[in-house]
Amino acid sequence: MKFVYVFLLSMVLIGCANRPIEYTVDPDVSTRESKLDEALVVSINVVAPKLNTVSDESQVMATPSNEFADSVKRNLLARFINQGYQVSSNKHFTNANLTFDFSKFQVVITKGTVKDELSADGQLNLLITRKNSEFKKSFSVRKTMTVALKATPPEVTGLANEVVGKLLNNALNDPQVIAAIKQSNTAGDQ
């Protein structure tokens, strides 16, 4: 009986020691069916989170295992192209330059003996610049999840992508943001 108890205790301790510290970024960015003026040209820039890998005995900061900015930008490009935008990498030939700043995004794993708590705190600062003006708006989402035993990589990835996707969808479906992007085409600043 002592052997079984020692074995189970050692398994719990080993399980608590190895927490996933990475997640894969691939957010879902929903597309609306509305088509825009095909003359509207935008550039897209994504700022990745500041990597803070400082951890203590009770918390671990998770980091992206792939290129955060490149992955988010790829998903945004697909969405904008599906909606009829033209996308340029040269900001001098665009109606609007969109910067999606995720520098204040973080995923934290709080360790426990029989459960872990995951939390994703996301802030997206969106900046739309045109030749003569700029528009700024911030969006925040916080989501937590408690899991039995230790958190798995799919759980960490799922929570991170849910928050990133929600931030992007909130921003891209915001009436003020839509108006600011469309204004760049009607303002005659081509």
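Colleague: How many residues does α2 have, and how far does α2 reach?
Modeller: In this predicted model, α2 has 15 residues and spans 22 Å from its first C-alpha to its last. That is close to the 21 Å expected at 1.5 Å a residue. The expected span is 1.5 Å times one less than the number of residues. Helices here are DSSP runs (H or I, at least four residues) and strands are too (E, at least two), numbered from the N terminus.

Colleague: Which residues of α2 are buried?
Modeller: Phe68, Ala69, Ser71, Val72, Asn75, Leu76, Arg79 and Phe80. Buried means under 20% relative accessible area, exposed over 50%, partly exposed in between, with a 1.4 Å probe and protein chains only.

Colleague: What sits over the ring of Phe80?
Modeller: The charged end of Arg79, 5.8 Å from the ring centre. The test is NZ of Lys or CZ of Arg within 6 Å of the ring centre and within 35 degrees of the ring normal.

Colleague: What follows α2?
Modeller: Gly84, with a positive phi near 100 degrees.

Colleague: Switching to rings. How many aromatic pairs are there in the whole structure?
Modeller: Four. Rings of Phe, Tyr and Trp (its six-membered ring) pair if their centres lie within 6.5 Å; planes under 30 degrees apart are stacked, over 60 edge-to-face, the rest tilted. One of the pairs is Tyr23 with Phe105, edge-to-face, 6.5 Å centre to centre and 65 degrees between the planes.

Colleague: Where do Tyr23 and Phe105 lie in the chain?
Modeller: Tyr23 is in strand β1 (residues 22-23). Phe105 is in the loop between β5 (96-101) and β6 (106-110). They are 82 residues apart.

Colleague: Is Phe105 buried or exposed?
Modeller: Buried, because its relative accessibility is 3%. Phe105 also pairs with Phe68, centres 5.8 Å apart and planes at 45 degrees, so that pair is tilted. Phe68 lies in helix α2 (residues 68-82), so the pair ties together parts 37 residues apart in sequence.

Colleague: Which residues make up the ring cluster?
Modeller: Tyr23, Phe68, Phe102 and Phe105, linked by ring pairs.

Colleague: What is the average pLDDT?
Modeller: It is 82, and 80% of the residues score at least 70. pLDDT is the predictor's confidence in each residue, from 0 to 100. Over residues 4-16 it stays under 50.

Colleague: What are the ground rules?
Modeller: Residues are numbered from 1 along each chain as its sequence is written, and side-chain values use heavy atoms, leaving out hydrogens and water. Local features need pLDDT of at least 70, side-chain atom pairs count only at 80 or more, and totals for chains, interfaces and linings use all residues.

How values were computed:
Contact means heavy atoms within 4.5 Å.
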